[in-house]
2 protein chains.
Amino acid sequence: MQYFEDVVIGARRELGAYTFTAERIKAFASKYDPQPFHLDEEAGRKSLFGGLAASGWHTAAACMRVGVDSRRRAAAAAQARGEDVVAGGPSPGFKNLKWPKPVLAGDTVTFFSEVTSKRATVTRPQWGLIFVLNTGENQRGELVFSFEASAFMARRPRGN
Amino acid sequence: MQYFEDVVIGARRELGAYTFTAERIKAFASKYDPQPFHLDEEAGRKSLFGGLAASGWHTAAACMRVGVDSRRRAAAAAQARGEDVVAGGPSPGFKNLKWPKPVLAGDTVTFFSEVTSKRATVTRPQWGLIFVLNTGENQRGELVFSFEASAFMARRPRGN
């Protein structure tokens, strides 16, 4: 399993991809963000977005989904190797959510996670804190989403 | 209609409330955050959350939903008074998303929006920038969600 000590700064992982079909965009928007440009092609075309656009929270939720799936695959692979799997610790929160370009119907966004820094924590010596930049790029390689996260990770036990 | 000049710092608006039923928690999680403590009561009870817990992104999406509904009601009321309604400008992004306490099945979260500061923009004289703290409180008045947003608002045209 991976401990805080194993985390390499600058390491970038591809989490997976999510295709924003018109159906998925409208299904999310009808429940959580029912603005016309998220619900209707014509309203989207007439908007600043220039097309049926995904809610920004849909993009965030899609990033979560591919992240969960990615962790699940990694955990399954670790278990197949006979290694222990320990879930990550709680996240203190997220910073600087940005949606620099719209996500339109038909776009496929690939999400990445990059470790930007890490530090030991004085108050919780069994944990370290890692800082991660999560990003999403569309099929043209354009940045459409980013946010910064921090998370606690278990320190390697002495002797391991 | 409301212009940048009309915005009062410290003004706090109640946007509305959203009840996190077990059904809603599982419906969101099954699509966007399929972790056991968001999908299953027993797994939730055994987790740090102590019960079936809403995904943090579900809480964010619910805040969006009550915000959209609130703006829609305000726009309808303004139209009924014969006033023009102008949609807000684009948001440059969000900061400091926090989930200080879990949202559990059965909780009702009331969302609020408070203007914390505002400033004129030099590069876009027809717009001003307002800074808003959005929060969610459960039925016991405990803070369960917060984030900071900024948004452009139209300046009042000269002579109005």
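Two strands are taken as paired if DSSP finds at least two bridges between them, and it is in this sense that the strands of the predicted model are described here. Within chain B, strand β2(B) pairs with β5 (residues 143-154) in the antiparallel sense, over four bridges, and in this pairing A149(B) of β5(B) is the bridge partner of F94(B).

The contact between the chains takes 19 residues from chain A and 20 residues from chain B. On the side of chain A that touches chain B, the elements giving two or more residues are α4 (56-80) and β2 (93-98), and the residues of that side divide into 12 nonpolar, three polar and four charged.

As to the arrangement of the copies, chain A is superposed on chain B by a rotation of 180° with 0.0 Å of shift along its axis, at an RMSD of 0.0 Å, which is the relation of a two-fold axis. The C-alpha of K95(A) is the one in chain A that is nearest the axis, at 2.5 Å from it. The same surface serves both copies, in that 100% of the contact residues of chain A recur in chain B.

Methods. Residues numbered from 1 in each chain as written. Chains lettered and ligands numbered in written order. Predicted model: local features only at pLDDT ≥ 70, side-chain atom pairs only at ≥ 80, totals over all residues. Contact = placed C-beta atoms within 7 Å. Nonpolar A, V, L, I, M, F, W, Y, C, P; charged D, E, K, R; others polar. Least-squares fit on C-alpha atoms with pLDDT ≥ 70 in both.
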